[in-house]
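Hi everyone, thanks for making time. Let's walk through one structure together, starting where its chains meet.

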Amino acid sequence: MNPIATLTLQADLRYLRIVSIMAGNVAEIFADGANVAEFCHAYELSVSEAFTNSVRYAEPSQKEKQVKICFWSDNGTLTVNIIDKNPQFNPITEAPDINSYPEGGYGLFLIHRLMDKVAYTREDDSNILTMTKQPKITCNNALYY
Amino acid sequence: MNISEKTINNYIILSIQGILNASSAPMLKSYVAGLPDTQSIVVDLENIEFLDSSGLGVLVGIARKKKTSNAVVKLARMNERVKKVFEITQAYTLFDIYDDVSAAAEA
């Protein structure tokens with residue numbers, strides 16, 4: 001995979017908008033045809049949710065509370081890694097019970113629903129959340145045989 | 001994010017402009033906490049550029065609080081990006097949703 005861009009930010013929600021704008025703008029380069037808005041929104045929202053979780057679960061004792069966001073391309077597919085040094089977490093999430101009016105618990109669920117592939121790995125003392133989505137091929141640019 | 005307020009019939013209309021995310025959502029929560037619990041409100045979402053799960057969570061929290069106070073919160077003028085978040089989470093089932101603010105304040 002080829003690196004496109006890396007962004008390292010303090011784990012602070014004041015920088016959240018920078019993250020979502022960058023994700024949307026990078027995604028736009030990889031979007032295809034009529035689904036540009038939906039594709040870019042998926043990256044914008046998913047990367048925002050992941051960054052927010054990284055900020056919220058940063059331990060106060062951590063000296064360098066930073067979140068690293070890496071964008072990669074692989075055969076035209078955009079992959080994003082969100083890397084932090086927070087405690088290990090369980091990335092599998094079920095749909096929140098909406099009838100109980102939950103105020104939280106939507107973030108990872110949204111990510112799983114918006115992206116095609118979400119993977120979590122723990123390497124040394126780091127969490128790495130990897131997200132990928134394929135742009136939908138529309139009728140105008142699909143190949144027919 | 002900016003919040004503006006006006007009254008139509010017995011409803012306070014809150015028009016939100018800008019980004020409703022984890023950074024700005026506490027501002028909306030504080031604003032609504034400053035209104036009487038029994039006050040019904042309409043939230044005009046037309047000018048929201050971006051909504052994340054934290055913004056959604058605050059809206060759901062407001063709905064829960066209003067329900068226990070026998071008041072209501074209605075949503076009006078959702079754009080496509082906002083609608084997507086409500087559809088995925090099924091949160092639209094918790095709200096009365098209207099295409100325009102006047103209709104919401106009359107119903």
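At the interface, 22 residues of chain B are in contact with 20 residues of chain A, where contact means C-beta atoms, placed from the backbone, within 7 Å. On the chain B side, the elements giving two or more residues are helix H2 (53-68) and H3, and H2(B) gives the most, with 8 residues. By class, that side has 9 nonpolar, 9 polar and 4 charged residues.

A word on the model: it is predicted, with local features needing pLDDT of at least 70, side-chain atom pairs counting only at pLDDT 80 or more, and totals for chains, interfaces and linings using all residues. Residues are numbered from 1 along each chain as its sequence is written, while chains are lettered from A and ligands numbered from 1 in the order written.

Now look at strand S5 of chain B, residues 73-76. Which way do its residues point? Val73(B) and Leu75(B) go one way, Lys74(B) and Ala76(B) the other, and all are buried (20 or more other C-beta atoms within 10 Å of their own, these atoms being placed from the backbone). In a regular strand, side chains alternate between the two faces of the sheet.

S5(B) pairs in the parallel sense with strand S3 (41-44) of chain B over 4 bridges; pairing takes at least two DSSP bridges. Another 3 bridges join S5(B) to strand S6 (96-98) of chain B, also parallel. Lys74(B) is the bridge partner of Val42(B), and Asp96(B) in S6(B) is the bridge partner of Lys74(B).

Notes: Buried ≥ 20, exposed ≤ 12 C-beta atoms within 10 Å, placed from the backbone. Contact = placed C-beta atoms within 7 Å. Nonpolar A, V, L, I, M, F, W, Y, C, P; charged D, E, K, R; others polar.
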